[in-house]
Each structure stands twice: as structure tokens, then as C-alpha cells.
Amino acid sequence: MSTPYPFTAIVGMDDLRLGLLLNAVSPAVGGVLVRGEKGTAKSTAVRALSALLPEVPVVSGCRFSCDPAAPDPACPDGPHEAGGGVARAARMVELPVGASEDRLVGALDIERALAEGVKAFEPGLLADAHRGILYVDEVNLLHDHLVDLLLDAAAMGASYVEREGVSVRHAARFLLVGTMNPEEGELRPQLLDRFGLTVEVAASREPDQRVEVVRRRLAYDDDPAGFAARWADDETALRSRITAARALLPEVRLGDGALRQIAATCAAFEVDGMRADIVMARTATALAAWAGRTDVLAEDVRQAALLALPHRRRRNPFDAPGLDEDKLDDTLEEFSDEEDDPDPDGPGGGGRPPQDGPDVPPQGDAGQGDTPAQPQEAEGGEPQGAGGGEQQPVRAAEPFRTKVLSVPGLGEGATGRRSRARTEHGRTTGARRPRGALTKLHLAATVQAAAPHQRARGRSGRGLVVRRDDLRQATREGREGNLVLFVVDASGSMAARQRMGAVKGAVLSLLLDAYQRRDKVGLITFRGKDAELALPPTSSVDAAAARLETLPTGGRTPLAAGLLRAHDVLRVERLRDPSRRPLLVVVTDGRATGGVDPVALAARAARLHAAEGTAAIVVDCESGPVRLGLAGTLAGDLGGAAVTLDELRADSIAGLVRDVQGSRRAA
């Protein structure tokens, strides 16, 4: 077995280590989500924590790690008698991104359940992680239904497996740790809220600290056992401190003054629901126990807010996480109650774990990047001609709720919320023979397949004699996520400030819609002489929004170049992920300039997409009293539809009138 990197040897990363240690002291805090760039010791810290946790007493032979002092009365391996048991190390169970639902929650043998009436259950990762750590690397890449199952089990402390009326329940209490790189996509706000704490990590910019990181890592790689031995005393001391804090936790008093500060802070930052208040209370209590105190101080409430609130105040994926620390301090001071708080100079002071080396700056708004200053409005609002120079970026208009754009037909892509698809979850539409392991039984079709053979199989009792050949897989229809590729005209014909602001607002609205529907997105812009892939296809819509915000305009309109670049990108993506169907969204007024016969060249490029069956939408940005209708012609060449900026809105009256007129003509 490999020797884990010592937790106490990690340089810096104070917030990361503190968040993990607080969950080790009080698992009721609700886990921790670690957000940060690649190569910042996220996984190393989580794996190192498991070695610090105290041994766990378990019932001998129980696959569900029941506590011998209080065995679970509903344990599938039970009933167990109280007392006895053996001690083992706390487990760290890793959930792979590509795991199936049965691997996570466990699998029932449906064939034995139907034929013999036996609940033959094979435990999953949730059972393995009971009373230990469940670690999910790249949690933002997990399918939504798996994340829902995972967080439901974490909230209820139990896992329920139900298949066609056969159900199994077992305890599943664990320390949940998720890591993610925001560049690869965000978690939905509802799922973010289910993690108790969140921490942002980034590599240090201090040369001395970076040198120490490299020095320690090289020493560990050369001799893992020897390196771990040099840190053994520190590890033992930290393990003892965790044990002492756990023992002290029930004695910690959360006074009315601290509770008022917690409630006032959550209200001041307008977080949704009450989970934030509860998590802050538990975190502040754990901080006091970690510091060796029996009373919660204002400093505990402040640190709890910095860990529990940043991810809960986000309203959309384009909001940067973090808290206004000045506002936090003002709120705590306004609702301070000196009489209720114990002596701030008492023992324990501070909740940070011990660490050699320089401190990492505290979590907050620092490091999130300053909002770039918006350019001043130039006099006059006329667009530049085809040969004009580059204009400064224009701020996007406010986003709005868009109409649903979908790919026609029935796909088989990754689970999402946009287009119709055959999926593992959704409404049942039929049955088929299983290809590989059976995942969703179609009970009626299975009984129908087995019924004609009962006499030949010698059936004598009430039970149905079912063979594996009789089993039928349910086919279901749900929704899939697509690849939404934006091709945005940034040429001089679009350069009027008000017009470009509206265009950016429309694209931003579509990006927000793509985030909610779990799509991948890409961004191509064209202006001047060529087209640029501003953002390769990714799950990070906030990265696309950032590229859009700094998009300059001006120059000629190489529409054909934009369409050809899109064709190349989609060709590569079809090879990488054949099941994810693309949706091409071209944002333009339809004009094409530059070169010989640019309009005909653009039409030929559009027909390449039509020949491959790519679903396409043209967002017509043409404005003014005289309109050429070029965007509609382009949509025809693409084999798609054209919508105006106004019709793109979900509440558009123009779109409603068009739909009504279309239905009347059809009637």
C-alpha cells in the first residue's frame, strides 16, 4: 500500500486545510467543496486527511460498517447484537466521474428477486464510505442524477435503493469532499448549496513558498516512507488535536449573541433558505472546539461566514464567488453583544491549523480579479464602415430568459435539459433486450416474456420462473445536453454601441440558458480578414461570458470564414464525442464583405452545414427601418430558422404573434 503524503507537510492552503479539519471534527458541517485551478494539492490534501482520522469500530463481517455500540436495526446484513466488534482505519472511498448509478448506491439482483423473492443486494460506494470519507474528484463533471443521489444520501444519512418494488435501505453517513476546476464548468446553485463549506485554492505567487512546495514534493517522491517518518510527530499531534476537538464539541455553547450575528450575516448577504444559517452555526461551533474553547466568539462566526457563504450568494454562473469582507465586518459589529461573548483574550484564540511557512491570504474577494473599467461612450453611435478600425469592447445588455432552442429528432447524448433523447432517466417508452448489465427493468415486458414458458420450466408454486433471457430493459426518453456553438459577427457592421450591447446581451442570455440545460458551449468570432476560435468547446459557460465581455468590434465581415471555422470545430467534436449533437447559433445581420463574391462564398459554407444535418439557428441582428433580410437567406442555406433579437425572448409578443399566425395558416 502506498504511503500518503503527510497532511502537515502541505505548504500554505490554510483555508483548504481548515475546511477539511472542521469536517473531521464535526461531520455535521456537511462536507466541503474545493474549487481551484489544476495542480493546487486539492486531491493530495483530501487523501492525506484520511490518515488522520481515528480508527472506526465496526461489527465484524458487516459489509455496511455498523457501529457495534449502536448497530443499525435496518442493516441488510443484520440484525446485529450490540457489543464486540473490531477496529479498522477510516476509509477514503473515491467516486470515479464515470461511475454508474448501481456502482454508487448498490445493485439488486432483479432475477433472484423475481424468481426466489430474495433481496440479493451488492453494496455500492455509499456503503463503503459509511463512517469514512467519500471523495469526488471533478464533482462538476458528474451526471446530475448521480450528484442528486450523492447529496441526498449525505443529507439523510442513509441510502435507499429501489427497483420495481424491491427496496433496500442502509446507513450512509460520511464526510463528503468534492473538488472541481471551475474552468471545466460549474455546479448548479442547488447542488452548491448542499455542500456545507467551500474553499477557493490557488497556487502561491510567493517564490519562497513555491520553492518549499517543490522541495517537499521531490523529497516525498524520492523516499515516501522516509519523508512520512520525518512528519510522523506532527501527524500524531494533529490527530490527537482532532480527537480532543471531537470530545469537546458537545460542550461548546452557541450563545444568543452569536446566533444573532449568524442570522444577521445570512440576511445581509441575501442567501436563499435556512441551510446557510444552520451550516454557519455548526461551523462556528466546530471552530470553537478546534481552538479548545467552549464558547463561540465573533471571530468564529466571521470565519464560518467566509467558509459557508461565498457559494450560496451566487445568483447565476457569471457571479464571482466571494464575500465583501468590509460588509461582513460591519454586520458583525452592528449585531455584536459584548455581554454574551466570553473574554476574547481567553485560551485557544484562532481557528487556523498550525502551519510552517508564510500565510495564505484569507478567503474573500481578493484574487477574484477586478472588474475591467468600461469604456466611455464615444460621441455618436454610428457603426464604422467595412474598412473601419477596431472599436473598444461594449458592455453587454441585461440578460433575459430565452425561448427554448433544441435539436430536432431523438438523440443519445449525455443527460441534460435541451433536446429529446434516449436516456437512463425519463418516461418509459418501451422495452428491449438488455445490452450488457440490466439497469432499468421493464417488469410488464419481463413477465410477458416469461409467461409462455412456465409449464415447460416445471413451475409448481406461486413464484414465476424467470430466466435471464426473459429480462427486458426499459427504454426511456428524457433530455440531453448539446454542444451549442456560437458564431458571432464582430465586424464593423455590428459596431453601433447600442446594437452590439443588445447582441452581447442576447448571447449572454443564450449562454445562461446553456448553463441551465447542461450544454457544452464554444465561441467563434469573425471580423477583419478571418475568424477566431475564441473559446474551444467547454462546459464552462462563465469562461465564454468572460470572452464575450472583452470582444472588440470593427473591420470587414468575413461571414464565410466564420462558418468554415465552425465546420472544422464541429468535425473535430464529432470525432471526440459522437453522441453529443451540435446546435449552431449564428449571430449576425447576414452581411458578408471582403474578397470576391463574399455572399456566394458564405452561402456555400452554410450549405456544408446543411449537408451534414447540423441544426442551426440564425439570430438576426439587423435593425433600422430598411432591412435587407440577409439573415433569413442565410438561415435557408443552413437549413435552419431565423429569429430576431426580440423574438428570441421567451416573453416576446412578436414571437407569440408569429406562432399564432403560423398555427392559423396550418389550420
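Me: How do H11 and H12 lie to each other: parallel or oblique?
Reply: This is a predicted model, where local features need pLDDT of at least 70, side-chain atom pairs count only at pLDDT 80 or more, and totals for chains, interfaces and linings use all residues. Residues are numbered from 1 along each chain as its sequence is written, and side-chain values use heavy atoms, leaving out hydrogens and water. Helix H11 (residues 256-268) and helix H12 (residues 275-290) pack at about 140° with axes 9 Å apart; angles run from 0 to 180 degrees between N-to-C directions, along lines fitted to C-alpha atoms over the stretch in contact. Under 35 degrees is roughly parallel, over 145 roughly antiparallel, 65 to 115 roughly perpendicular and the rest oblique, so H11 and H12 are oblique.

Me: Is His567 buried or exposed?
Reply: His567 is found in helix H18 (residues 559-576); helices here are DSSP runs of H or I, at least four residues, and strands are E runs of at least two. Buried means under 20% relative accessible area, exposed over 50%, partly exposed in between (1.4 Å probe, protein chains only). His567 has 13%, so His567 is buried.

Me: Which residue in E20 stands opposite Val619?
Reply: Strand E19 (residues 615-620) and E20 run parallel, joined by four bridges; DSSP must find at least two bridges for strands to pair. Opposite Val619 stands Val643.
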